[in-house]
Amino acid sequence: MTAALLLIVPLLGAAALVVAPARHAKWIALVASTIAFVLSIIMAVRFGPLWTSREFNQIGWVGLIDAFGIRLSLGADSVSMLLVLLTTMLMPLCIWGSFSSITQRLREYYGWMLVIETAMVGVFIARDLIFFYICFELTLVPMFFLIAIYGAENRARAAYKFFIYTFTGSLIALAGLLYIAWQYAKSRGYHWSFDIETLTTFATDMSATEQAWILLALLAGFAVKVPLFPLHTWLPLAHTEAPTAGSVVLAAVLLKLGTYGLYRFVIPMIPLAVVEYAPVIAVLAIIGILYAALICWVQNDMKKLVAYSSVSHLGFCVLGLFALNPLGVQGSVLYMLNHGLSTGALFFLVGMVYERYHTRDMDQMGGLCNRMPVWAFFMVFFVLSSVGLPGLNGFVGEFLCLIGAFTASADNASYPGVLGPWYAAVASVGMIFAAMYLLIMTGKVVWGPLKEPGGHGHAGASRAHGSTLPADLTLREIGVLTPLAILCIYIGVQPSPITTVLGPPIDRILGNYPETVERLAQPDLRPEHDVIQVSGIEQGEPAVSGHQHYSGGADG
Amino acid sequence: MNWAADSCAFFAAVQPLGQLALSHYLITSAALFAIGLIGFLSRRNMIIMFLCTELMFQAAAIAMIAFSRFHLDVSGQVFVIFILTVAAAEAALALGLVVLLYRRRETLNADVWSELRETPTP
Amino acid sequence: MTEAVQLSLGSGWLAAVDAARSVIAGPSWAGWILWLPLISLVLCGVCAALKIHTKLPAWITVGSLAISFVVIVALYMSYRQPMEIPLLDWFNLNWRSNDGQAGSFVAGFAFYVDKLTLLWMLFVTGLGTLIALYASEYMEPDVKRGYARFFAGISVFLFAMSCLVLADNLVMLYLGWEGVGFASYWLIGYYYTRPSAVAAAKKAFIVNRIGDLGLALGIWLIYYNFGTVEYANAQGTGLFQILASGSYKHEAGGWSIQAIPFLLMLGAFGKSAQIPLYVWLPDAMEGPTPVSALIHAATMVTAGVYLLARMLPVMELHPAALPTVAWIGGLTALLAATIGMAQYDIKRIWAYSTVSQLGFMFVGVGVLTTYGAAFHVFTHAFFKAVLFLTGGAVMHGFAGQLDIRKISGLRHMPGWQITAWTMLVGCLCLAGFPLSSGFFSKDEILAQVFAVHRPWLGFMLLFTALLTAYYTFRVWFRVCAGPVSYEMGEEHHGHGDDHHHGKADTGHKAPPRHAPPAHVAHQPHPPRFAINFVLVVITVGAIISTFSGSWVMDKVSHSSAAVLHAADSHEHHPGWVPWLAGTIAVAGIVVAWHFHLASRKSADALRARLLANPLTRWLPTAMENKWYVDEFYEWMIVTPLWIFAHALYLFDRYVIDLLFVDGVARLPKWMGRSFQPLQNGVLQSYAVLMAGGVGLAILLVVVLMPHLRPWLIGFFGGGG
């Protein structure tokens with residue numbers, strides 16, 4: 001019952017915070033989240049051979065409202081486990097990292113941090129639809145208060161927008177999921193079940209039209225959360241206004257709830273609709289990649305830049321998922337982890353500067369490596385990880401996502417897909433843009449002659465103005481960043497242990513896709529394809545022309 | 001639902017209404033309700049308004065008892081018992097509130113209480 | 001189309017059979033070639049963290065690089081046939097779909113060692129060690145600041161370069177490829193307080209990234225078509241083995257196979273600074289001189305040539321690919337030479353000459369004399385290292401002075417003889433003076449160009465050779481010959497103004513023009529042992545490399561870069577080419593002698609005359625301004641994109657966010673507002689509404705419900 005304990009311990013911590021004196025609040029929170037981390041490690045160890053199992057394994061079961069088929073049942077495959085580990089590992093760091101920046105209403109702050117941890121872990125290990133949804137929405141409440149109470153000037157608006165936007169989206173997703181459950185119940189004589197696996201098996205047999213509507217509903221929830229291109233505007237606002245740890249949680253884990261939702265529900269449940277609409281979603285992801293990257297380029301606010309870069313990066317993640325082949329989906333899951341590590345760390349780093357100078361305006365600062373060499377080291381390190389330098393983690397996910405999308409063309413023998421070289425080629429321009437905006441930020445802030453925001457520039461100041469922090473990072477801050485840096489290097493050099501465990505479950509959720517793609521493509525793809533082969537270079541774009549035929553096939 | 005079927009059988013043996021038809025009771029009830037409603041809408045005195053709501057309650061109660069008898073189903077009468085109980089409780093509360101409000105403003109006019117008004121915004 | 005592919009394969013693929021058929025497992029100790037620079041990187045990092053202000057980082061780096069050179073030599077000695085040395089798993093993905101189709105994506109840290117690898121690794125690590133040794137003295141003034149950081153950068157660079165060359169798969173090559181780009185970012189931006197250095201570093205990384213994108217796309221296409229990224233493996237499913245056996249789907253190829261060589265080419269152009277991506281290299285002169293030598297001369301820029309040579313069987317997948325390489329190389333050679341003629345900064349001249357010489361190498365690959373290209377890479381590595389290091393010695397001694405108009409008569413100054421004469425050797429080689437190393441290697445390429453009947457390209461290259469000889473000796477005659485006079489530089493070893501120290505601090509503000517050598521405060525200090533030693537060793541290497549032709553030939557012809565018919569076509573080399581090339585080199589030197597030694601004023605006069613005539617004014621102006629290519633990129637690509645990005649940002653804020661998102665959010669708000677007057681605080685009006693509402697509801701049920709019923713049942717499916 002480690003999994004259930006993992007859900008309860010942070011809540012107990014939060015309950016303890018209600019009665020404890022404020023000066024102990026941060027320690028209680030740190031201890032509770034560390035215990036949760038240890039528990040998650042124990043859970044990972046006890047997961048044992050299940051790491052390489054293909055199933056979404058049951059790891060805990062508590063009857064809740066049995067009458068309606070709603071159960072508090074917990075399950076995990078290697079993807080969930082990795083995301084749980086990411087969450088539980090980041091939370092102590094987030095709490096430790098907030099020690100100096102949060103000075104007011106401490107108990108509330110740490111309490112909300114612990115509640116959000118339970119909610120996030122719950123999402124990743126929920127095996128019941130209703131439980132999943134409750135946790136999915138429960139993440140909003142603590143985040144709302146974290147932004148609204150501890151945020152910057154415009155915090156109220158950001159908090160409301162974040163809450164209402166994502167809440168509206170997920171309500172529509174709930175409608176889509178309930179539709180599946182309802183149809184299931186109807187077909188079983190109103191014997192309700194909300195078991196995700198049961199419903200998944202059931203949903204795959206639904207008609208193409210039904211699946212298309214369900215896809216639309218689920219996307220409303222998950223695409224807002226990811227966020228996918230036109231639905232992303234809450235993110236930069238929420239990120240800029242949120243407190244540092246809030247941004248870290250938001251970027252590192254909350255956005256992954258969206259991609260996890262896509263992985264857990266959209267891809268296995270409704271293959272017909274996914275095959276038909278994957279090109280549309282991929283195009284949105286690609287637009288998001290390039291669009292957000294270009295916007296990053298003209299930002300002056302460091303935090304906003306990192307926030308928009310999240311939109312761009314998550315575009316790669318979605319592109320990899322909808323490549324519908326193991327390369328792309330494994331890359332995408334790796335990308336979820338990597339984005340959590342490197343973007344989380346970047347938000348920490350921006351927050352550390354903000355704590356010292358009370359501004360994030362890049363025009364007001366420069367050459368900070370003269371004053372904060374350790375900070376500069378970490379900044380450059382995580383920027384490179386984010387840029388996707390081979391040998392660090394960012395590269396692994398990005399490369400696999402793109403190679404997945406690239407090979408996901410119709411004539412791929414082992415895994416035919418509905419994207420193809422052109423999608424990946426256009427998306428990969430984002431790699432250049434990423435280098436551009438991140439290195440320009442580094443060039444402005446880290447390198448160059450020292451320029452500190454007004455009034456803080458007097459030479460020899462060992463302490464930053466208006467703050468009790470020394471000029472360079474404290475040991476605590478180094479301690480927060482170091483685990484992330486170590487993981488970045490480890491994943492960058494040794495992704496194969498992770499891809500080994502990711503393989504089986506991803507193989508399973510993708511298992512039917514080659515067949516589905518072929519079936520949908522069958523009526524008239526092949527003859528046309530031969531024409532392409534003969535005519536060679538002029539005829540280009542097999543993927544795009546292929547897609548038109550899939551649509552035709554799906555309609556018929 | 002056995003008890004309901006039994007009671008139906010019991011009432012079926014009893015004499016139905018005499019000359020008076022259901023409609024008479026309903027008309028009485030409607031008239032009573034209309035008086036209550038018009039009184040509630042037209043008067044400003046809070047005690048009168050309260051008494052008017054009582055009238056409307058009783059109108060509903062009469063209709064229910066009539067239907068109950070007509071259908072030979074006691075559940076309508078059961079509801080009337082509920083209504084009377086609630087109305088009694090409500091009377092106690094409401095009169096208490098009216099007294100309180102009177103103490104604040106020294107008037108029984110309902111129009112002086114409009115704190116919940118929404119100030120129009122452009 | 002298929003036939004064309006087949007035919008063009010004819011030349012390279014047989015060699016690939018030869019190279020790939022027998023891959024044996026190599027010794028695992030070869031892994032130390034990678035681990036040593038890595039260890040050195042970590043140790044340098046530790047030194048930086050512990051604030052060790054001694055020369056320790058330099059000795060760590062030099063030592064580990066030297067050992068890794070020794071390992072390479074040992075590997076070379078024990079080499080019998082192509083080897084495969086697996087070190088670590090990296091990417092190892094396997095899958096199986098429900099219908100039983102299996103697939104994999106495997107790319108590990110593993111070496112593929114053939115003679116081409118060994119050739120490259122020998123000069124990469126050899127010159128790397130020497131340059132690190134040189135840097136140990138050159139960077140001396142920085143011992144208290146960035147010394148460890150600099151040597152950590154050198155270690156990263158050597159690590160990445162070794163990955164690139166030794167890789168047994170394209171993904172690891174890509175790691176090295178991006179890695180050297182990152183190392184150059186690190187090293188070019190070494191003087192990080194100088195905005196120009198920061199900008200140059202950024203530019204180098206971003207322009208390289210554009211090339212990297214081409215390489216990445218090429219790698220994906222290779223995987224897409226051939227299902228592997230490994231060169232060769234024991235199962236015989238490596239790229240070269242597939243190409244050699246011809247077992248891949250020719251017919252499935254079409255554009256997706258034929259685009260591969262062009263994409264790889266783009267990568268090579270980025271890394272090796274060819275048109276259109278050469279702009280980063282001259283700016284990269286912002287780095288410390290050893291970096292320039294390392295990046296330019298020896299290693300990084302030859303990565304593009306290495307890639308094309310290594311991937312020669314792939315380059316032949318499209319018949320137009322190699323001619324394109326040749327023409328781009330030729331044009332780059334000419335363009336860079338014309339710019340180099342009109343520059344005054346020694347390092348910039350050497351930078352443009354590097355771009356130009358790389359053009360020659362690409363022509364070599366393009367006309368299928370990989371031997372010539374590799375030979376030129378090899379000789380060029382030595383003589384260009386000499387030139388950069390002598391330039392660096394001058395810069396070191398003259399407080400950052402690099403303007404050829406402000407230093408003269410170096411060979412008459414005490415202590416500068418070694419610098420002056422080694423520079424002469426370098427210049428002779430670069431100019432292609434008869435019987436110098438550059439002469440032989442350049443001749444190999446030129447002769448092949450004429451042998452494959454590309455006379456226009458050939459004459460263009462000959463003209464470039466003339467310009468090369470001219471601008472090379474322009475530098476030597478200006479700086480090393482003539483009367484002694486000099487002007488000290490503004491900076492000390494290229495640091496920002498806030499880092500002056502030592503002698504230069506005492507009064508550098510107003511350096512007297514043509515100061516006598518006895519001036520104490522501005523005494524140039526000649527190089528000491530480490531610099532002189534390295535200069536001499538590399539010069540000797542440059543001279544010895546003259547005779548390395550057949551050795552390089554042996555290396556190249558026993559690798560995937562081998563061109564079988566190259567040996568035959570050797571006999572068809574026109575005999576007049578070496579004579580003409582030699583004459584041209586001498587002519588160029590004579591012209592340089594006339595303008596820059598015999599009568600220096602006539603050069604200025606000529607320039608003035610050209611500027612005075614409105615018809616010719618554009619020529620010197622354009623050349624001095626680098627043909628406005630940077631400005632062209634700035635105005636045609638960067639600025640429009642930047643404006644577009646701003647427009648997108650405004651679109652994001654005002655159209656998507658304000659109009660759509662907030663607009664949708666406002667709808668219910670507006671709806672609420674329209675009912676706001678109803679909440680007027682009058683109790684009775686609420687009651688009226690309530691009564692009215694109930695009345696309406698009753699009306700609805702009584703009147704409308706009979707009509708709505710069928711429709712509702714249809715919609716909700718009868719309620720189940």
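In this predicted model, β2(C) and β3(C) form a hairpin, with five residues between the two strands. C:G100 lies in the turn and has a positive phi of about 85°. The two strands run antiparallel and are joined by eleven bridges. Two pairs of residues can be picked out along the hairpin. C:I85 stands opposite C:F111 in β3(C), and C:L88 stands opposite C:F109 in β3(C).

Strands of a sheet pair through backbone hydrogen bonds, either parallel or antiparallel. Here β1(C) runs parallel to β2(C), and two bridges join them. C:A25 stands opposite C:E84 in β2(C).

**Contacts between chains**

The contact between chains C and A takes 55 residues from chain C and 55 residues from chain A.

Twelve residues of chain B are in contact with twelve residues of chain C. The side of chain B that touches chain C divides into six nonpolar, two polar and four charged residues.

| Helix pair | Axes come within | Crossing angle |
|---|---|---|
| α14 (residues 326–357) and α15 (residues 373–387) of chain A | 9 Å | roughly 150° |
| α12 (residues 271–297) and α17 (residues 421–445) of chain A | 9 Å | roughly 20° |

The axes of α14(A) and α15(A) cross at roughly 150°. That angle is over 145 degrees, so α14(A) is roughly antiparallel to α15(A). Their crossing is left-handed. α14(A) makes the contact through A:S342, A:T343, A:A345, A:L346, A:L349 and A:M352. α15(A) brings A:W375, A:F378, A:M379, A:F382, A:S385 and A:S386. The residues of this contact are eight nonpolar, four polar and no charged.

The axes of α12(A) and α17(A) cross at roughly 20°. That angle is under 35 degrees, so α12(A) is roughly parallel to α17(A). The crossing of α12(A) and α17(A) is left-handed. Residues of α12(A) in the contact include A:I286, A:L290, A:L294 and A:W297. Those of α17(A) include A:Y423, A:V426, A:G430, A:F433 and A:Y437. The contact of α12(A) with α17(A) has 17 nonpolar residues, one polar and no charged.

**Confidence in chain A**

Chain A averages a pLDDT of 85, and 90% of the residues score at least 70. Where does the pLDDT fall below 50? Residues 457–464 of chain A are one such stretch, with eleven contacts in the model beyond near neighbours in sequence. Residues 525–556 of chain A are another, with 57 contacts beyond near neighbours in sequence. Where pLDDT is low, the predicted coordinates should not be read in detail.

Notes
Residues are numbered from 1 along each chain as its sequence is written. Chains are lettered from A and ligands numbered from 1 in the order in which they are written. This is a predicted model: local features need pLDDT of at least 70, side-chain atom pairs count only at pLDDT 80 or more; totals for chains, interfaces and linings use all residues. Axes are lines fitted to C-alpha atoms, for helices over the stretch in contact, and angles run from 0 to 180 degrees between N-to-C directions. Helices (H or I, at least four residues) and strands (E, at least two) are DSSP runs, numbered from the N terminus. Angles under 35 degrees count as roughly parallel, over 145 as roughly antiparallel, 65 to 115 as roughly perpendicular and the rest as oblique. A crossing is left-handed if the near helix is turned anticlockwise from the far one by less than a right angle, and right-handed if clockwise. Two residues are in contact if their C-beta atoms, placed from the backbone, lie within 7 Å. Ala, Val, Leu, Ile, Met, Phe, Trp, Tyr, Cys and Pro count as nonpolar, Asp, Glu, Lys and Arg as charged, and the others, Gly among them, as polar. Two strands pair if DSSP finds at least two bridges between them. pLDDT is the predictor's confidence in each residue, from 0 to 100.
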